[in-house]
Amino acid sequence: MLFQSIKYLFLTLCCLWLFACEDCTFTSKNSSEVAVKFFLSAQDTEVRFDSILTSKGGHIFYINDRDEQGLYLPETSEEILTIQSVKLSLNPASDSSAFIFYWADRKDTLEVIYERQIEVITPDCGFDQRIDHLQVIKNTFPIDSILVVKPHLQINDDNNVEIYLSE
Amino acid sequence: MTIIMSKYISPSNYKLKNRCRNFALKTTVLIGILIILSSIFSSESWAQNHINKDSIQQAKKRHRLQRKENRQKLNFSIDAIRFGLEGTYLFQGLLSKNMADFYSNIRKYEGSFDVTFLDNSWCLIGDFGRWESQRIANVPFNGYQYQNHGYYFRLGLDYNILKHMKQKFTQDAIFLGMRFGQATGNHTIRLLVTNIPWKFYDIRDENGDLTDLRQIRYDTELPSRNFTASWFELVTGLRATIWKNFQMGYTFRYKILASVQNQHENLAVNEIPGFGTTEITAKPSFSYHIFYRLPLRKSLKDAVKKLSKKSTENKSE
């Protein structure tokens, strides 16, 4: 009798366990965008950019031709873009990305390297890409200093790279 | 002593001499009594010691006898060997849609071999399996195809708690135990990614229809990489005879991932053969088994009986 009851208890537990399997819940906070924040040494707190491009020629944003297909516009875009920070989408095909900035009749580049690690979640959730060990290897900005404050990129990051521009 | 005393006392003083004699006599008597008493006590202590030694020896003898009896009681013997097959993924796919989806792209083959000993109270277990899995997410923009395959084994020991409950279940078991698992595998991933700034986006023809997505998405395959992993399991379950020597059983496992070696620099190990997905490093699991039990002790007993019968027959002839 005892043996039988234990047997049925095990079977019930087994059935409960099988039906308790949950659907996919995507909980990753990893991001593929690097948040770059600019600081001016003067009293101005904002930097005016005309456009920012990837090294492949794709636009991160620009002022005109908004209706062009495939254009990526930040939520804060106005007629004249005055921004303090920008999120730059990293190249998914490479461990390095270069960006070209057009601003104040200047053309500057910023090149970063990073490590990518891909993790499969489930077929419903897709895959997750962790970007870590971010480093700035090249920049042509007139700077006082440049800092990588958070080398692991996450969705809620305000700034991963801080660029302190000189006069 | 009297001689010494007589030399010391002057002969002119008789009274004094007599006193001295008495004193000498008294002291000799006293010493004599003391000697006798001491000898009596010493003999008593010797007797006591002797008795103690005897009792120690007896206790030692008893202990030896008990040990002998215990050894005879233990009577180490291999009771049976069992060969089993695991078929969890077949059942799980039938019961739950989620499980069916999860297991639809998994091929898992597992065999087990175990030895029960000491009157079916202990069981030494070895499992060996092969695992193949494929995950495909063909979503319109970011898709992937992940493949993982490898081998694994588990070694462990179970204790049958049913042994203490009822004596009549000589072949069945409700057990508690531990396992150590080790796996070696290989995995690879193919990625399909869209990214507008980096010009991985859809291109439409004149009619507005999408051209082949594979041409416009970033399509890459990371080179395959071998990895090894190990884990521990706390297990409990049941083995019950269903027909003759055939047994069925299930095992609840609580798996704890110990280590994963040779991780791909760009690709995390998503699944470990025998352990499952690596999202959670400590998780429960469940498995069904079907066994064939080959009793060894009974056959040995039968063989001994037959031999004894033959010998008695021979003697009678």
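The structure is a predicted model, in which local features need pLDDT of at least 70 and side-chain atom pairs count only at pLDDT 80 or more, while totals for chains, interfaces and linings use all residues. Residues are numbered from 1 along each chain as its sequence is written, and chains are lettered from A and ligands numbered from 1 in the order in which they are written.

**Exercise 1. Confidence**

Determine where confidence is lowest and where it is highest in chain B.

Solution. Begin with the scale: pLDDT is the predictor's confidence in each residue, from 0 to 100. Next, take the chain as a whole: chain B has a mean pLDDT of 75, and 66% of its residues reach 70 or more. Then compare its elements: helix α1 (residues 2-8) of chain B has the lowest confidence, at a mean of 40, and strand β4 (residues 143-160) of chain B the highest, at 89. Helices (H or I, at least four residues) and strands (E, at least two) are DSSP runs, numbered from the N terminus. Over residues 1-17 of chain B, pLDDT stays under 50. Where pLDDT is low, the predicted coordinates should not be read in detail. Finally, for the complex, the predictor gives an ipTM of 0.72 and a pTM of 0.62.

**Exercise 2. The two chains in outline**

Describe the secondary structure, burial and contacts of chain A and of chain B.

Solution. First, count the elements. Chain B has 7 helices and 10 strands.

Second, consider burial. A residue is buried if 20 or more other C-beta atoms lie within 10 Å of its own, exposed if 12 or fewer, and partly exposed in between; C-beta atoms are placed from the backbone. Of the 167 residues in chain A, 22% are buried; for the 317 residues of chain B, the share is 23%.

Third, consider contacts, which are pairs of residues whose C-beta atoms, placed from the backbone, lie within 7 Å. In chain A, 56% of the contacts with a separation of 6 or more involve residues 24 or more positions apart. In chain B, 67% of the contacts between residues at least 6 apart in sequence join residues at least 24 apart.

**Exercise 3. An open sheet in chain A**

Solution. Two strands are counted as paired if DSSP finds at least two bridges between them. The 4 strands of this sheet have mixed pairing. At its edges stand β6 (85-89) and β10 (143-148) of chain A; each has a single partner strand, so one side of each is left without a neighbour in the sheet.

Now follow the pairs of strand β1 (residues 33-40) of chain A. With β6(A), the pairing is antiparallel over 5 bridges. Here Glu33(A) stands opposite Ser89(A), and Lys37(A) stands opposite Ser85(A). With strand β11 (residues 161-165) of chain A, β1(A) runs parallel, joined by 5 bridges. In this pair Phe38(A) stands opposite Ile163(A).

**Exercise 4. A closed barrel in chain B**

State how many strands form the closed barrel of chain B and how they pair.

Solution. The barrel has 8 strands in the order β1-β2-β3-β4-β5-β6-β7-β10 (chain B), and the pairing is antiparallel. As one example, strand β1 (residues 78-86) and strand β2 (residues 106-117) of chain B are antiparallel over 8 bridges. Within this pair, Ile81(B) has Val115(B) as its bridge partner.

**Exercise 5. A glycine in a loop**

Is Gly274(B) buried or exposed, and why?

Solution. First locate the residue: Gly274(B) is in the loop between β8 (271-272) and β9 (276-277) of chain B. Then count its neighbours: Gly274(B) is buried because it has 27 C-beta neighbours inside 10 Å. Apart from residues up to four places away in sequence, Gly274(B) touches residues including Gly129(B), Trp131(B) and Tyr152(B). Lastly, Gly274(B) and Gly150(B) are 124 residues apart in sequence, with 8.9 Å between their C-alpha atoms.

Methods:
Contact = placed C-beta atoms within 7 Å.
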